[in-house]
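Please follow each point with the structure open.

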Amino acid sequence: QRPNWRSATALPARVHPKEVICIRGSAFRKQAGSIAPGQFYAKQADAQSYTRFHHVANQVDQKLRAEGYEPQDLLDVHDFILTTLKPSAKKLLES
């Protein structure tokens with residue numbers, strides 16, 4: 001059985017935060033729906049889905065930079081995705 005996303009990506013992301021993204025499956029699938037709709041993202045870690053998730057993270061990074069924010073690494077992008085997709089953040093952003 002394949003590992004879940006966090007198990008497969010957390011340690012590599014901590015060691016190489018500028019190249020590797022830590023994936024939280026449900027949050028990243030939700031984010032991907034607005035950036036790359038129609039793509040398939042496996043529920044358990046696999047290389048093809050990781051490549052797609054990494055693309056989503058790079059797109060978020062580019063959008064943040066275009067708005068004048070400077071993520072230091074992909075951990076910042078990871079945190080942005082998780083924070084902004086929380087239900088409490090959605091309420092705040094909509095008001």
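1. Arg-2 counts as partly exposed, because its relative accessibility is 42%. In this model, which is predicted, Arg-2 forms a salt bridge with Asp-46, and the closest N and O atoms of the pair are 3.9 Å apart.

2. How many salt bridges does a search of the whole structure find? The search finds three, and Arg-65 takes part in one with Asp-61, where N and O are 2.9 Å apart, and in another with Glu-70, where the closest N and O atoms are 2.6 Å apart. Because Arg-65 and Asp-61 are four residues apart in helix H3, about one helical turn separates them. Through shared partners, the salt bridges join Asp-61, Arg-65 and Glu-70 into one network.

3. Asp-61 is buried, with a relative accessible area of 13%, Arg-65 is partly exposed at 33%, and Glu-70 counts as exposed at 57%. Asp-61 is placed in the buried class because its 13% falls under the limit of 20%, while Glu-70 is called exposed because its 57% is over 50%. As a general point, side chains of opposite charge can pair when their charged atoms come close.

4. The largest nonpolar core has 21 residues, and Ile-21 and Ile-23 are those with the most contacts inside it. Helices H1 (5-15), H2 (25-35), H3 (47-66) and H4 (74-84) each supply at least two residues of this core, and the largest share, six residues, comes from H3. In general, nonpolar side chains tend to be buried together in soluble globular proteins.

5. Which residues does Ile-21 contact, once its neighbours within four places in sequence are left aside? Ile-21 is in contact with Thr-9, Ala-13, Phe-28, Tyr-50, His-54, Ala-57, Leu-74 and His-78.

6. The packing of H2 against H3 deserves a separate look. The axes of these helices come within 10 Å and cross at roughly 65°, and H2 passes H3 in a left-handed crossing. On the H2 side the contact is made by Gly-25, Phe-28, Arg-29, Gln-31, Ala-32 and Ile-35, and on the H3 side by Phe-53, Val-56, Gln-59 and Val-60. Sorted by class, six of the residues in this contact are nonpolar, three are polar and one is charged.

7. Apart from its neighbours within four places in sequence, Gln-31 is in contact with Val-56, Val-60, Ile-81 and Leu-85.

8. Leaving aside neighbours within four places in sequence, Asp-73 is in contact with Pro-17 and Lys-18. The C-alpha atoms of Asp-73 and Val-20 are 9.1 Å apart in space, although 53 residues separate these two in sequence.

Technical notes: Residues are numbered from 1 along each chain as its sequence is written. This is a predicted model: local features need pLDDT of at least 70, side-chain atom pairs count only at pLDDT 80 or more; totals for chains, interfaces and linings use all residues. Side-chain values use heavy atoms; hydrogens and water are left out. A nonpolar core is a set of buried Ala, Val, Leu, Ile, Met, Phe, Trp, Tyr and Cys residues joined through side-chain atoms within 4.5 Å. Buried means under 20% relative accessible area, exposed over 50%, partly exposed in between (1.4 Å probe, protein chains only). Contact means heavy atoms within 4.5 Å. Axes are lines fitted to C-alpha atoms, for helices over the stretch in contact, and angles run from 0 to 180 degrees between N-to-C directions. A crossing is left-handed if the near helix is turned anticlockwise from the far one by less than a right angle, and right-handed if clockwise. Ala, Val, Leu, Ile, Met, Phe, Trp, Tyr, Cys and Pro count as nonpolar, Asp, Glu, Lys and Arg as charged, and the others, Gly among them, as polar. A salt bridge is a side-chain nitrogen of Lys or Arg within 4 Å of a carboxyl oxygen of Asp or Glu.
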